[in-house]
Amino acid sequence: MVTASSSAKTSFAGPQIHLRGRLVTEESGRLSIGSAPILYGLAVYTVLPVTYDVKTKQHLAFRLADHVRRLNDSAKIVGLQLDEPLSEKKFTEHLHDLLVQNNVRQDVLVRSTLFTDEVLAGTKSHGLPTSFSMYAYSGPQFYNPNGIHVCVSSWRRTPDVCIPSRAKINGSYINATLMKNQALAEGYDDAIALDTAGHVAESTVANIFIIRGGKLITPDPSADILEGITRDTVIQWAERQGIKVVQRQIDRSELYIADEIFITGTSARITPVLTVDKRPVANGRAGKLTKQLQNEYAELLSGKVTIEPAWITVL
Ligand code: PMP
């Protein structure tokens, strides 16, 4: 049943990475095994999509300002020490450097991290320095764009009172790993997590939408989900097309009667869900509206269509 490709690999898009304000080779930019991110996952990150336009030879970053804002918000929630928030200007300069010095001429994902930069620090970030890193990478599509098979996980999404899901915290991905491992071992591509109250939250690395009666329904931001930027793009884009979007609690049983289901994320893009717990969603094929949104999202990423010019940063 597993449809994701496991043979092709993700790789760095060039030898250089950004670390502590300068470009270094990936080999010389490694952290100590005693560093706080290794010991406690004390880091926050975001993954930004960058499209390369072969005609104009320009790189186009999608919703860069929103990624920088979420990165700063995540740092704030965890309590990483920053004299001032990372500016959009500095972030853009680092990104431009990285793409030019690596001679990147393809679509890439760019992972940027703020981390507690201390060795043998103990479980705290208070009073300790924070550093920044950034690298570009490429690889096979995260999910089969034709669709995936998921289960509802027996693990629950970590609640805001334990590890806040709206912060993109490296250490919190253990929760996703537990779900993903279980799903893969049972022959699924991925899992859907319920929150501790038993309502649908999201998948391991993507937000979820169900379609019922022509309406898009997605859990609201207080449902222990990451406030996904792709989720917000879909909401804004759909509303602009006159499609009704409702943000509310979703019950597990609604997954079994939905007309269509898809998940959204920078890596996941828009991926149709074909079955849940081995039950076909509608007829077990990608739905019409899902496919339409999937195509339109690709055009938004490359700036071919837009509803908000500020979403595209030309580098
Ligand atoms: N939820 C989780 C847990 C994620 O890791 C991601 C991927 N960043 C998302 C949702 C989707 O967020 P975005 O659309 O901003 O990539």
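**Contacts between domain 1 and domain 2**

A salt bridge joins the side chains of arginine 63 and aspartate 232, with an N to O distance of 2.8 Å. The term denotes a side-chain nitrogen of Lys or Arg within 4 Å of a carboxyl oxygen of Asp or Glu. The count of such bridges between domain 1 and domain 2 is one. The model is predicted: local features need pLDDT of at least 70, side-chain atom pairs count only at pLDDT 80 or more, and totals for chains, interfaces and linings use all residues. Residues are numbered from 1 along each chain as its sequence is written, and side-chain values use heavy atoms, with hydrogens and water left out.

The domain assignment of the protein chain gives domain 1 (11-138) and domain 2 (148-302). These bounds come from an automatic or database assignment. The C-alpha centres of the two domains are 26 Å apart. In domain 1, 21 residues are in contact with 21 residues of domain 2; contact here means heavy atoms within 4.5 Å.

The size of an interface is often given as the accessible area lost when the parts come together. Between domain 1 and domain 2, the buried area is about 1700 Å². This is the accessible area (1.4 Å probe) that the two parts lose on being put together, summed over both. Carbon and sulfur atoms give 62% of the area. On the domain 1 side, Tyr45, Phe62 and Arg70 lose the most area to domain 2, together 35% of what that side buries.

Ten residue pairs, both residues at pLDDT 80 or more, are in polar contact between the domains. A polar contact is a pair of N or O atoms within 3.5 Å; within protein, one must be able to donate a hydrogen and the other to accept it, and residues adjacent in sequence count only if both atoms are side-chain atoms. Strand 4 (43-53), strand 5 (58-62), helix 2 (64-78) and strand 6 (108-116) each supply at least two residues to the domain 1 side that touches domain 2. Strand 4 gives the largest share, eight residues. Helices (H or I, at least four residues) and strands (E, at least two) are DSSP runs, numbered from the N terminus.

Arginine 63 sits in the loop between strand 5 and helix 2. Its relative accessibility is 5%, so arginine 63 counts as buried (under 20% relative accessible area, 1.4 Å probe, protein chains only). Phi of arginine 63 is near 55°, a positive value in a residue other than glycine. Most residues other than glycine have a negative phi.

Technical notes: Buried < 20%, exposed > 50% of the residue type's maximum accessible area, 1.4 Å probe, protein only.
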